[in-house]
Every structure is written in structure tokens, then in C-alpha cells.
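Welcome! Here is a structure to look at together, with a few questions to guide you.

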Amino acid sequence: MADYIWLIPLFPALGFIINSAFSHRASKTFVAWVACLAIFFSFLTAVAIFCQFLELPAAARIFERDIYTWINSGELRVPIGFRIDALSIIMCLVVTGVGFLIHVYSVGYMHDDPGFKRFFIYLNLFVFMMLLLVTGNNLLLMFVGWEGVGLCSYLLIGFWYEKDSAANAGKKAFIVNRVGDFGFLLGVFLLFVTLGSQGIWTLKFTEIESHAHLINGAAVTVITLLLFVGAMGKSAQIPLYVWLPDAMEGPTPVSSLIHAATMVTAGVYMIARLNYLFSMAPDTMFVIALVGVLTAFFAASIGFAQYDIKKILAYSTISQLGFMFLAVGVGAYGAGIFHLMTHAFFKGLLFLGAGSVMHAMSGELDIRKMGGLRKKTPVTYWTFFIACLAIAGIPGFSGFFSKDEILWQAFNSGHGHTLLWLLAAVTAGMTAFYMFRLFFGIFHGECRADEEVKHHIHESPKVMTIPLSILAFLSLVGGYVGIPHLLGGGNHIERFLAPLFGPVTQHAAAGGFSIVSQAWAAAEAGATESSLEPFLMLLSVVIALVGITIAYILYLQKPELPRRFAARFSRLYHVVHNKYFVDEFYNFLFVRGILRIGAFLLRVVDIGLIEGLVNGTAAVIQRMGAKLRRLETGDVQQYAVGIIAGAFIVVGFIVGYFIAMMYMMA
Amino acid sequence: MFQDSTSFWCFALSGLLFAIGAIGTITRRNVIVIFMCIELMLNAVNLVFISAGSALSSMDGSIFVFFIMTVAAVEAAVGLAIFVMVFRLRETVNADEVNLLKG
Amino acid sequence: MDITSFRGIIFAAAALIAVLASLLMVTRKDPIHSALWMIVTFFAMAVIYLLLNAQFIAVAQVMVYAGAIMMLIIFVIMLVRMEKGEEEGSEKPRVSKTKVAGAILAVLLFLEVLFGALFYQTTGRLGEYPAGFVNDVGQVRTVGSLLYGRYLFPFEIASLLLLVGIVGAVVIVKRK
């Protein structure tokens, strides 16, 4: 079966090619079947390989195969090759599994859209690129996938390209991503050159891993920081998160697949894949953890004052991604991937549910105009409820296990710190609060919609509700693969991933800058007490329940309280509601700055200097010619004057010269 | 200082005649008068040659003058022929009005 | 040359006549008058040539310049005059700046030559034909022997040049 690992990315690629070749002549049904079947076959292949893995001992769970030699230059050999190990098989399963469900959902959701066929073409292309990203066995191929998903994100965000806001959102996503990719590329180059200076010219993961110890501390810190910049862009962390809320302009299945379950997790995957490099750079890990938890907190706070369903979910995604980065930042790579998986389930479900709600409410997005949908759309209601319980971290649901693992590692691991844990725990409470604010706002209370819309409220068709149900089931049981030892489980997922990641606490306080070593000292002091784990677990449950209760009180029992609160703290509310004016700040600083630089360069360099040089040369020559032309008067007598002048000069010369000679000789 | 006062006076006379001829060339407008002034300049040069030849007891001066005169004659013939043609076309004897080469 | 000797007086007179005649020639309005004064100048120059022991040249000057060339010029003036009448009447009194500058330059040129003549010694090699010898033999004979001797080649070229000139003049003026 190892020989067939290249089938996993092949099926979506085939789907893309067939659909784009025949899209004009084929029917909608054909396109939909080809697209969904392509992903389904990919999923089946992944499942087959996974089953094979389970039969093999832990150390043998790596399949690698090179299909073709892409670059063969001197000592560098970059193949087109695929690598399936524990990490990538989980990613493949998530991408193809959740991807398949979303494909099926889209058949119903995009049914009336004139761009139906184009949508599935782009979706298949996206899945192909994502699979390339997670199965590539070298940095270059991974980067191809990295850029490819960025491209598909742009195409799909701006899917309704006639809308200005959608086109702009697509552009914004691509450009902000590009900023991150710049850092990523610098990191790759630096890694390549650093290894090369030791004589190892390679970009393959296996070879990087075996030679990672050759890189010295300062270099690896810079490399990993640059790579993290790329992750910041792709996975929407501070300061490069601004594209994700705007990306909600795309169709809802796109938001679900790309901006919740798969593409935005590429950054986390990348860090997990190169964990041996990151573990060698504790300073970078600290930065990652800090950025992650700050992003989580920041994004959650914005979610408090938004009214657009998809925007709330977008900020929630940014926040949960922050949790994943917190996990990998404290060295808990397994916990990060675990949360990635459960997040794909419940966030994917939340977006699809939102799509279902929009479908019922004839396209309405504002939760102030919703309410009371509980009775009218039961399947959507229950699946959404399960997803909200999962994201809030209620025990029994998948999110609880993954989030709790992260919180514990943030507290306990050698790279962790109590403050990190505290902020993360508070954010978890905030998450519970705003998710249930959303939930109550949509489904409970009185229906605040217009009459016209109220009439049309209906449950979505089966092709949409069945994927919802499957995802809800996964949100419920998906976490059971990671039940920690404490509660009697075997923590299978961490053991599955362990050969790749090694023990969590590694290289604590080894090298780095003095600023962070104080943090380490504090962490060392109060760490590694496993008796605290049940206490912390209980604490996180309590925080979640408190969050839900507050949401219940504020939005169901006493709805006038939030309004009074907003009125009293109107300035704070204004700032939070406007997302802390970050977009406006970026616009002022970067966009207008670059426009002004461009205008300046246009004026001074292009028109002034270059055109001035060219036109100036021509003008000078023209003027010289005009002046010289006046010599030619056609008047012969003036020419004679010229001759006499010449004679005068020559005779003067001769007379003077010879007289001088005479006087010198005399 | 100077070898022979005769040479000096001859040179001075020649220079004067040349200058007069030059001023005449550039000042007069009638083409024929311009031509005569040019002949005057040639004569001034002839005088220089003869006087130098006399001062140096050499015949080279006279030989050179012989050739100058030959060339002057040819030049007169051809030049006046051209002038007649131009006059036929332009109906003018003014040097100012024959300025087709004006840039 | 002593200015008071016979030769000196003749020289001074001839020089004076030459200068005055040339000045008059340059300043006359009527071209015929200019031509006539030119002839006077040529005669004066011939006298000076005689004084300088260049008898052949003097005669050639009268024959060629005063005889042939001036006749040609006078004929052309008369030819042109027949059709036009008084051309120079409409002359603009002002001359352009360039011409004034040219005139000044010409004066300066004369001064330069004067200066050079004053301080410059004729330092050529003394030739083999002192005045006495030439007068004994006769200048015509001397010139002839040189022309057909040393300077044969330029002599032939000059005759060719004359031929070309004659043909050329005829060709230019021919009416189709």
C-alpha cells in the first residue's frame, strides 16, 4: 500500500482536471458527482493506509516515495515525493473526511448559484493543494501546496467576483498571506544555506531532521522565527489575521472548509512537521506561545461585540488557532494537532450550521434579526448546540479533551508558564460566553426577523443536514481518541504521534536571549506537579459553565442588560465593536503609505528623473541644433567673415609663435 | 630687425590691400564688386610673393605668382559663368537675395 | 630702399596710387566705376613689380588681369545692367553686425600682418638668382627655363586646368 500513497493527492487533481475540461458540456450533476467522488476515493485511500499503519509497530509507520525528480542541480536534489507518517495521515483523514462532507453539503447549498460548476472545480483544486501541502516530503513541495491553497483561497473568497467587497477581500487575503510567505521563504532560504554551509544541500524533511543538530542556536532561532512569520500569515495570528474576517465574503462552505478546518491549520501543521527545529529554539517557542495566547484573547474579545454570524465564527477561528499555536509553542505538538482535529469537526460544523441558518433566513446574517429558530429548524438546532458545547469545552464533547490538554501543557510543560495558562483559561471562558451569546441569539427567544423572512423559514434539505449530523457525531466522539491518562483513557492520539514528537519537555532554557531566561526561571520554579492536573481540569469546566451561564442571563433572561452595559461603557464598546480599528490602522500605515511612496516615485523618479533624462537629452540636442542653425544664413558674405576670422586666428598664432621663438633665441 | 626695408614696405602695402579687399568682400552687395575685391586680395598675395622672392634672390616667388594668375583667370571665367546663370534665374545681382542655403 | 632715391619715390607713388585706387574701387556705387578703378590698381601694382625686378610678372599682370579678366568683368556688368538698370539704389544703409565684426577683424588682421612684418625676419635660404644675374639673362628666359625645367609638372597641370575652365564655363552658360 505504501506504493499508492500518491493516490491521495491524485484523486482531487483528477477531479479538478476532468471538471475543468468538461465543465461546459457536462451537467451540474456530473460535476458534483465527479468532485465528491474524487474526495471520497482520496478518503478511502487514506483510511486504508491508516488501517495499515495500525497493524505496523510504531517506529515503522512512515511511508515515503519519490515519484519524480523535480530539481537536480549540483548536490541538490528536490523530488516530487510524498511522505505519510502519523502526522500526515491524521491531516489527510481530516482534510479528505471533512472535505468530503463539505462537498456533499455544497451540492445543496450552492444549488441555485450560476457558478456551481466553477465552485467545485476550485474546491477540488483546493483539496489537491492542501493534500500536497500535508503529504509533501520536502519543504519545496510543501511550499507549492502552501501557495496553492493561498491561491484557491483567493479564488474562492472572491467567488462572487462581481461584488466589490468580495473581490477586495480576496485580494486582501492573498496580499496579507504574501507578507507571511515572504518571511516563510526567507526562513527556508536561511535553513537551506545554513545546512549547505555544513555541506548538506537538501530540503527533504528526513534529511533535515537527521542533520538538524548541525545548526547552531542563533541560526535556528532566526530560521524558526521566519518560518513562524509564514505561519502567522497563513493561520491568521497577530498581526497578520486581518484577512480572515474579510474572507467571510466567500460562500459559507468555503469558510467552513478553508478557513476553519483545513487551510488555516497549515501553519500549525508546518510547525508540527518541523518540530525538531522549533524544539531547538526555545526563544521562538516562547514567541509562538505568547503570540498564540494573545491572539486567542484578543480575537475572543472582538467576538463579544459583533453581530454577523460568520464574523463571530471567524474571530472564534482566530482565537482557536491561537490555542493551537499556544500548544505547539509550549512543546505540546500532539495536543496542538489534537485540537486541530477536533476544531475541524466542531468549527466546520458551526460554519455549515451557519450556512443552514442563512439558508433558512433567506440570506440574513445579522443575529439581531434572528431568534426563535429552535422549533422551525430542529436538525440545525441540535447540531449547532452540540458544536457549541464542544467548543466551550464541556466534558464529554471533543473540544473538552483537546482544549484541556492544551491548558494543562501550558501550565505544566518546561516551556509553559502560569501566566500563559491563566490567559488561556480566561479566553476559554470568553469563548464559552460569546459562542452561547451567538447560540441563544439565533435559536432562542423571540423571532426578530421581518414578516417576509419569517414565512420562508424552513429546514435545509437532507443533502445539507446529513453532513451536519455526521459532523455533530464526530464533535461528540472525536475527542475520545485523546482521553488523557487521568480519566482512564489511553490518550491514543498522543501515543500515535509520539514517535514524531518525542517527549514534550525538551531543551528548556538552552541558549537564547537573556530577556526570556527570566521567564524560564519562573516557569521552572512552579512546574511539573501532576497532582494539579485534575484540579485544573475542574477549573476549566467551571470557567466554561460560568461563561455559558452569563451568556444565558444576559441574552435570554435580561436582554436589556447588554444594552445598558454598552451604553455605559460606550467608548469601550465602540472600540471593540470596530475591531480595535486595526484595519483602519493598517490602511493608514501601509496602504496609504505605499500609495504615497508610489506617488512620490512617480513624480520624482519616473517623470522627473527618467523622463527628464530622456526628454532632457532630446531637448538639449534640439536647442543646440537651433543655435547652430543660425550660423547657416545662406549669406555668402557672412561665410566670408568666418573665413577672415579663421585667418586672423591662424596668422595671429604664427606671428606670435615665431616672435616668441625669436625672442627666446635672441 | 628687418632685412631690407623694401620688404617691409611691400609687406605692409600687401597687408593693407588685402584688408581693403577683405572689407570690400564682406561689405558690398553687388556680386561683381565682391568678385573684384576677391581679385584684389589675390593681387595682394601676388605682391607678397614677388617681394619675398626679390628679397631672397629666388625665382620661386615669380613661379608661384605665375600659377596664381592662371588659377585666377580660370576662376574668373567659371565664376562669372555661374554668376550669369544665377542672374538668369534670380533676376538679381544682390548677394543678399541669393540665400537658398539658409538653414 | 632709400625713400628719397628715384626708386623710392616711384615706389611710394605707385603704392599710394594703388591704395587710393583700391579704396575708391571698394566704395563706388556704380560697378563700372569700380571696375575702372580696379584697372588703375592693377597698373600701379605692375609698376611695383617692375621695381622688384619681376618684369615678366608685371607684363603678365597687365595682360592677364587688367586686360583679360577686367574685360570679362566689364562685359558681364554691361550684360547685367542691360536688364536691370540702377540696382544699387535700393540699398539698405545698415549692414548686419556680423559684417561690422568682420570688417573690424580684417583691420586687426592687417595690424597683425604689420606686426609680423616688423619683427619677423625673412629667414629663408638665399636662392640662386640674385637680381643682377636675372637682369643679365632676362627674367622671361629665367622663368621659362624654370617652368619647362623644374616646374614642368605644375605647368602642364595648369594648362589642363585652363582647358577645364574654358569647357566648364561654356557648359555652364549654355542654354538648352
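Reader: What should I know before I start?
Author: This is a predicted model, where local features need pLDDT of at least 70, side-chain atom pairs count only at pLDDT 80 or more, and totals for chains, interfaces and linings use all residues. Residues are numbered from 1 along each chain as its sequence is written, while chains are lettered from A and ligands numbered from 1 in the order in which they are written.

Reader: Which element gives the most to the side of chain B that touches chain C?
Author: Chain B brings 62 residues to this contact and chain C 69 residues (in contact: C-beta atoms, placed from the backbone, within 7 Å). On the chain B side, the elements giving two or more residues are α1 (5-27), α2 (31-55) and α3 (60-90). With 22 residues, the top contributor is α3(B).

Reader: How are helix α3 and helix α15 of chain A oriented to each other?
Author: Helix α3 (residues 86-109) and helix α15 (residues 333-360) of chain A have axes 11 Å apart, at an angle of about 5°. Angles under 35 degrees count as roughly parallel. Therefore α3(A) and α15(A) are roughly parallel.

Reader: How far apart are the end C-alpha atoms of helix α13 of chain A?
Author: Helix α13 (residues 282-303) of chain A has 22 residues, so at 1.5 Å a residue it should span 32 Å (1.5 Å times one less than the number of residues). The distance between its end C-alpha atoms agrees: 32 Å.

Notes:
Two residues are in contact if their C-beta atoms, placed from the backbone, lie within 7 Å. Helices (H or I, at least four residues) and strands (E, at least two) are DSSP runs, numbered from the N terminus. Axes are lines fitted to C-alpha atoms, for helices over the stretch in contact, and angles run from 0 to 180 degrees between N-to-C directions. Angles under 35 degrees count as roughly parallel, over 145 as roughly antiparallel, 65 to 115 as roughly perpendicular and the rest as oblique.
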